[in-house]
Structures are given as C-alpha cells and as structure tokens.
Amino acid sequence: MGYYLSRKMGAQIQGMWKSMSRDSRLVASPRVVNIEDLRLLAKRRLPKAIFDYLDGGAEDEITLRENCRVFCDYTFRPRQAVKFPEYNSRSTVLGAEISFPAFLAPVGYSRVMHPGGEVVAAAAAGHAGTGYTLSTISGHKLENVRAATKGPAWYQLYLVGGREVAEGGIERARNAGFNALVVTIDTPVAGMRERDLRNGMTEMFTGSLFAKLPYYQNILEHPGWLMAFLRDGGMPRLENVVIPEKGPMSLMDVGSALSRAVVTWEDLKWIRETWRGPIIIKGVLTGDDAKRSVDEGAAAIVVSNHGGRQLDCVSSSLRALPEVVAAVNGRAEVLMDGGVRRGSDIVKALCLGARAVLIGRAYAYGLAAAGQVGVARALEILRADVDRTLRLLGCPSVAALDASYLEKTRNG
C-alpha cells in the first residue's frame, strides 16, 4: 500500500510540474511581454461569462475605460544625463517592506478563474517579494491562503452573512496571521454589470438545467477550463463566510447578501474593537470621505472606484488621488487601485502621492491564463517596468518620486 501511494503521489507531483512547465512556456517572452498579452490568453482560456466577469464593469463601462485612459493625461519630465550607483524600487507599506510598490488587490471568484485561485496568487506574491489581499468572496480557506505566502497578507472584509459571521472571519484572519484588515465601503449593492446579465452568470451557476442550456455551448468550447473546473469539484462555496449551522455560503448568494451588508461609519467602532491591527478603508474617492476614514482610525486609505464595477461615471482613481492625498495630509498612508496595466502607471500614481498601488485585473489575467506562473509573470513584467521607468526618468528610487516628474497635458 505504501509503495502504491508513493507511486501515486509521485505521479501527481510529476503531473503538476509538467503543467507548470507548460504554463511557464505559455507566458514566457516574447509571447507575453505586457499585461494585455496575458489578458488575451485569459480571454482564450476562459468561457465568455467568466472572462467578462473579470474584464467587465458597470453599465456603459465609462469609468472602467477612464481608469486606464486617464494615465495618458500625464507625461513624464525626465532628468537626463544623470547616473546613480543603484536604483531602488523597494517600498514600505504599513511597516512591511515590499520589492516594488504594487500589492495584489482582492479579486473575488478567483477559484472559478483557476482552481489554484487565491492560494497560488498569494504564493506568487510572496515569491515576488510583495503582498496579497484576500477577498471575502473567495473559494479557498483563508488559513490556506495565509500559509501559502511568505509576504504580508491582508484580509478584505465584506459583511455578507451579518455581523456574527464577519466577526468569525475577522477572528480567523487574526489567528491565521493576516497583517491588516481591508474594509470596503463602496458596495451597498452590486453594480449593474450588464455583461454578467447577458452571459447568464446567475443561470449558469444557480438555475435549473433548462435555464443553463443557452450557455452550455460556449463552456464546451473551452475544454481546458471545463476539465480543470470539474476536477476541482465544480462551483466552490465561500469558505470564509461560514453561516452558523449551515456552513459556507453558496457562491452565488453574494448579490443578495451585499444589499443586506452595507458598511457604515458606525460599523467601524465594533470592527476596531474586534480587529486590533491596522485597518485600511477601501473605496474612497473624495477628500471628505478620506478625512472621515482617518477620523475613524484608518491606518491607510485606498483610492478606488472598485475597478469601475460599482457606480459608473464616477471619477477615475488617478484623478481622485490628489484630492485624497491633500485631505489626508500625511495622517495615513494613501494607496490607489484602478486601471494599472504598466509599471509607468505605478510610477505616475506615486508621483501624485500614492505610497503604492493595488493591482487587480493585471494579475488576475495572469491567474486565469496560467495559474501561479501567470501571476508571477504579471508581477515580473510590472516590476521590470518600474525599474526601467526609474532609470529613464533619472530618478534613484520610488521614494524620490514626486509631482515634478510629471506634466499634466489635459484638464478635466
């Protein structure tokens, strides 16, 4: 029996390494040289409904597009004919040193994009020397995610399931060793994501067999994803939203649960009492909300419009960043997410006052395309971009970046 198990385990490990080797070749240069290349690979591998969930935004997707486009409103002002002994892209966020100023943002439903989901994304972040943020809407247990990374890890809190369930999640996150709690304040209800409605996300995952029939053809056209999905056990449950006497919440119960889980400023009191570590408020777009976040004890603020997935026609994150930085006035660290696809985008955000950025789709495309090696490739691309941009700017470190390295070319 021992011999049989040893052979079986050896075969599994060999199969895993073959798969990783194949994925490594898939995302290697020159086939993949930027984040858009990873996006196209993800689009090829995923069924349309899953890809559009990852790629899409709310309503007319105006904010989704503007998050990326707004970086073009700023051009660089380099210092030429300078040379430094070294260029330092390392940064510090909430006391933790990271290899370059990009943290992985929370991305829900990651396990549906790739069976490794949150675990392999966290592992890739740790190997790259940066940190990972775990969404409440995740298919892997938070304990397993924390154990997968040697870097800093944050737990992003939704109040789905109510206060008792949230307190249970916070306690588990504390015991597992998460370093900070991220409280998202911009989801009183899920945004109107029209792609998801047209693609039948709800019908595919919760409807009857008859309701699913119109969407089967596209799924069958992606056999690689389908086989991995079925081997992983099909639709995962929310392992970190544990309902008393019922167990983990069903994945597609989230939409209705969000409308009953609005986070208010008053909730910050009991959240602070339950979580004694740093609290990060995510979803801030105005100076007034930034000041209120600091008054409520936030150690850091994430300037964010939820990747254009909630209220359409709000400000892009980069455009809102200077107002928030001015309002905070050094009383908390300011981070930003939304639209980051290149290292030069990261540098522009830092020039405008961000301590670091959070990247979401940029690494999720890599995850969907090739699992852990896809995430690693996304981080490798962005870090190399940051290093190159510093050298071309004639700036010795990310800490030395400021607004003097930028020129705004468009008002708005």
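**Figure 1. Strand β11 and its side chains in the predicted model.** The structure shown here and in the views below is a predicted model. Strand β11 covers residues 300–303. Ala300 and Val302 point one way from the strand. Ile301 and Val303 point the other way. All four of these residues are buried. In a regular strand, side chains alternate between the two faces of the sheet.

**Figure 2. Strand β11 between its partners β10 and β12.** Strand β10, residues 279–284, pairs with β11 in the parallel sense. That pairing runs over 4 bridges. Strand β12, residues 333–337, also pairs with β11 in the parallel sense, over 4 bridges. In β12, Glu333 stands opposite Ala300.

**Figure 3. Two β-α-β units that share β11.** One unit consists of β10, helix α16 and β11. Its helix spans residues 287–295, and the unit is right-handed. The other unit consists of β11, helix α17 and β12. Helix α17 spans residues 317–328. This unit is right-handed too.

**Figure 4. Loop residues with a positive phi.** Most residues other than glycine have a negative phi. Cys313 sits in the loop between β11 and α17. Its phi is positive, about 65°, although the residue is not a glycine. Cys313 counts as exposed because its relative accessibility is 56%, over the 50% cut-off. Ala81 lies in another loop, between β1 (74–76) and β2 (91–93). Phi of Ala81 is near 55°, again a positive value in a residue other than glycine. Ala81 has 86% relative accessibility and therefore counts as exposed.

**Figure 5. The cis peptide bond at Pro30.** Most peptide bonds are trans. The bond that joins Ser29 and Pro30 is cis. Its omega is about 10°. Pro30 belongs to the loop between α1 (2–27) and α2 (35–45).

**Figure 6. Packing of helices α3 and α19.** Two packed helices are described by the angle between their axes and the distance between the axes. Helix α3 covers residues 48–55, and helix α19 covers residues 361–370. They pack at an angle of about 160°. Their axes are 10 Å apart. Angles over 145 degrees count as roughly antiparallel, so α3 and α19 are roughly antiparallel to each other. Their crossing is right-handed. From α3, the contacting residues are Phe51, Leu54 and Asp55. They meet Arg361, Ala364, Tyr365 and Ala368 of α19.

**Figure 7. Burial of α3 and α19.** In α3, 7 of the 8 residues are buried, so this helix is largely enclosed by the rest of the structure. The buried residues are Ala49, Ile50, Phe51, Asp52, Tyr53, Leu54 and Asp55. In α19, 10 of the 10 residues are buried, so this helix too is largely enclosed by the rest of the structure. Among its buried residues are Arg361, Tyr363, Tyr365, Gly366 and Leu367. Gly371 follows α19 and has a positive phi, near 70°.

Figure 8. Ile359 lies in strand β13, residues 356–359. With a relative accessible area of 1%, Ile359 is buried. The C-alpha atoms of Ile359 and Leu181 are separated by 17 Å. These two residues are 178 residues apart along the chain.

**Figure 9. His140 and its contacts.** His140 is placed in the loop between β5 (132–134) and α7 (142–148). At 12% relative accessibility, it counts as buried. Neighbours within four places in sequence are left aside here. The contacts of His140 include Arg111, Glu118, Val119, Glu239 and Asn240. Pro115, Gly116, Gly117 and Val145 are in contact with His140 as well.

**Figure 10. Pro396 beside Glu86.** Pro396 lies in the loop between α20 (372–393) and β14 (406–408). Pro396 counts as partly exposed, at 25% relative accessibility. Pro396 and Glu86 are 310 residues apart along the chain. Their C-alpha atoms are separated by 6.9 Å. Not counting residues up to four places away in sequence, Pro396 touches Phe84, Glu86, Tyr87 and Asn88.

Key
Residues numbered from 1 in each chain as written. Predicted model: local features only at pLDDT ≥ 70, side-chain atom pairs only at ≥ 80, totals over all residues. Heavy atoms only, no water. Buried < 20%, exposed > 50% of the residue type's maximum accessible area, 1.4 Å probe, protein only. Pairing = 2+ DSSP bridges. Right-handed = clockwise from strand over helix to strand, strands pointing away. Axes fitted to C-alpha atoms, helices over the stretch in contact; angles between N-to-C directions. Parallel < 35°, antiparallel > 145°, perpendicular 65-115°, else oblique. Left-handed = near helix turned anticlockwise from the far one by under 90°. Contact = heavy atoms within 4.5 Å.
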